[in-house]
Amino acid sequence: NADPEAHGDETPRERRAGVAGGGGVVRSGERDARGGREEELKRRRRRDGKGGSVARDLNRTVRRREPLGPHPRGPTRLARLVTALESHPAFEGAERGVLSAAARDMELLVVPPGKPLYRHGAKGDYLYVVEAGTLDVMAPNPEGVGSPRTTGTVGPGGVVGDVALTFATTREHTTRAGPRGAKVWGMRRCWFERTAGLAVHGRRRLIRRFVHDVPILRGLPVHEQYACAEGFREAVFAPGDVVMRQGDAPDYFYILEEGAARCSVRLPGESEQFPVAQYGAGSYFGELEFLGDVRKGAGGEKKRSETVGGEHERRRRKATVTATTALRCAAIEGARFAELVAEGTELRRRMVREARTYVNSIH
C-alpha cells in the first residue's frame, strides 16, 4: 500500500499527471517510457507537417529562383559584360575577379518589342545590362493622371535597375523594350550586393547627408533624391558675402546647410534693397530662374522651355542673397539643376507650388 503521508510530497504537476503508487514518486522506468512516447509524438507531428512553424520550415524544400535564361558563354561576350559593369558608378572599386564571376552567372532575357522588362512599383530583384536593342525608361506622371513620360533610352552597354537594388525600394520606372526589342543580361540581387557593396553604402550616405534634412527633397522618388545628392558640391561663404546678386546670370541652385542669410530686392526706380526673406538651415534659393514664370495662369509651363538647352543663361537673378553668418551650402550647377526640374518631375511640381506663395513679391 502507498504511504498516505507521501501524497503530500507530490507536486501539482505530478498530481495532474495522475501518478499512482510509489508515494507519488515517478520511477525512472516510467519517466523513460513517458519521455519516449512524447518524443514519438513530436516525430509524428514533424513527419505529418503538424508541428510548429520551425518544423515546417525545416521540412520545406528550398528551391533556387528559376533563372531568366542561360548563362553567358564565350570570352568576348563575358568581356563586354564586365566592361559594361566596370563603367557603371555602382561598381566603382569592385574587384575585376568578382565582377567576372558575377558576369558568368548572369542570365539572358529577350524582351519582345514594346513589352515591359519591369513595371513601376514591382519588386527589384535584378540589375540588367543591355547587349542589343534598346530600352525606353518611363516615369509615372507626378499628378497621377495621364500616360507615363519617357525619360530616356538605354542602348547596348547600358545598365538599368540599379536604383531599386541600391536603396532596397520598389521600381520607380517602367522599362520597356524599344521597337526592335532588347536582349539583356540579368544580375541577381545577391551578386549585386556582393560586387557593389562599397558604392551602395556610399550612395546611401550621400542621401542621408543631403536629403533627409531638407524638407523640399524629403519624400521625393529615390532616383530624384539621388540625382540631386550626386550633383551637389560644397560652397562656403563668410558673413557679408553676396551669394548671388540681382541682375546677374544664374549659375547655381543653393541649399543652405549651416548658417543664415537674407534675401533682398531692389525695385525699379529705387536705390536701396528691400528685405523680403530670411533663410536658415534647410532653406533653398536660386531656383526661380530655372523654373520660368510660375505665377498661376501665367503660362509657366510653356515659358519653362526657356530654361532648358542653355536658354536659362538669358534669364537674370531676381533677388540678392547675402550671408548674415558664416554659410555652408550645397550647390548644384545650373544646367544640371535645369534637368532636375524638367517638366513632369516631382521636384519641379513641389518647387512651383511653393514658389507661387511668394513669387509675386519679387516680380
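Two strands count as paired if DSSP finds at least two bridges between them. The model is a predicted one, and that criterion can be applied to it directly. Strand β10 and strand β13 (residues 320-323) pair in the antiparallel sense over four bridges. One of the residues involved is Arg262, whose bridge partner in β13 is Thr322. β10 also pairs with strand β11 (residues 274-279), again in the antiparallel sense, over five bridges. Here Cys263 stands opposite Ala277 in β11. Four of the five residues of β10 (residues 261-265) are buried, so this strand is largely enclosed by the rest of the structure.

A further sheet is open and made of four strands, in the order β7-β14-β9-β12, with antiparallel pairing. Its edge strands, each pairing on one side only, are β7 (233-237) and β12 (284-285). Between β9 and β14 there are six bridges in the antiparallel sense, and Tyr252 stands opposite Glu333 in β14.

The chain as a whole gives the setting for these pairings. Its secondary structure comes to 13 helices and 14 strands. Of its 363 residues, 42% count as buried. Among contacts in the protein chain with a separation of 6 or more, residues 24 or more positions apart account for 75%.

Next comes the interior. In soluble globular proteins, nonpolar side chains tend to be buried together. The largest nonpolar core has 28 residues, of which Leu217, Phe232, Ile255, Phe337, Leu347 and Met351 touch the most other members. Two or more residues each come from α8 (197-210), α9 (222-231), β9 (252-258), α10 (288-291), β14 (327-333), α12 (334-340) and α13 (346-355). The most is given by α9, with five residues. Leaving aside neighbours within four places in sequence, Leu217 is in contact with Phe210, Val211, Gln225, Cys228, Phe232, Ile255, Leu347 and Arg350. Apart from this core lies another, of 23 residues, which include Leu78, Leu85, Val98 and Leu108.

Val98 leads on to helix α5 (residues 96-104), where the buried residues are Val98, Leu99, Ser100, Ala102 and Ala103. What covers them includes α4 (75-86), β6 (174-188) and α7 (189-195). Gly186 is found in strand β6. Its relative accessible area is 0%, which is under the 20% limit, so Gly186 is buried. Beyond its neighbours within four places in sequence, Gly186 is in contact with Leu68, Met106, Glu107, Tyr126, Leu127 and Tyr128. Gly161 is 25 residues from Gly186 along the chain, and the C-alpha atoms of the two are separated by 9.5 Å.

Finally, there is the empty space. Rolling a probe the size of a water molecule over the atoms shows where such space is left. The largest pocket holds about 930 Å³. It is lined by 32 residues, and those nearest its centre are Val137, Thr151, Val163, His173 and His223. The elements giving two or more residues to this lining are β3 (126-139), β4 (149-154), β5 (159-160), α6 (162-167), α9 and α12.

Key. Residues are numbered from 1 along each chain as its sequence is written. This is a predicted model: local features need pLDDT of at least 70, side-chain atom pairs count only at pLDDT 80 or more; totals for chains, interfaces and linings use all residues. Side-chain values use heavy atoms; hydrogens and water are left out. A nonpolar core is a set of buried Ala, Val, Leu, Ile, Met, Phe, Trp, Tyr and Cys residues joined through side-chain atoms within 4.5 Å. Buried means under 20% relative accessible area, exposed over 50%, partly exposed in between (1.4 Å probe, protein chains only). Contact means heavy atoms within 4.5 Å. On a 1 Å grid over the protein atoms alone, a cavity is a set of points where a 1.4 Å probe fits but cannot get out, and a pocket is an open set with protein on both sides within 12 Å along at least five of seven lines; lining residues have an atom within 4 Å of a point. Grid points are joined across faces, edges and corners, and a volume is the space filled by probe spheres set on the points.
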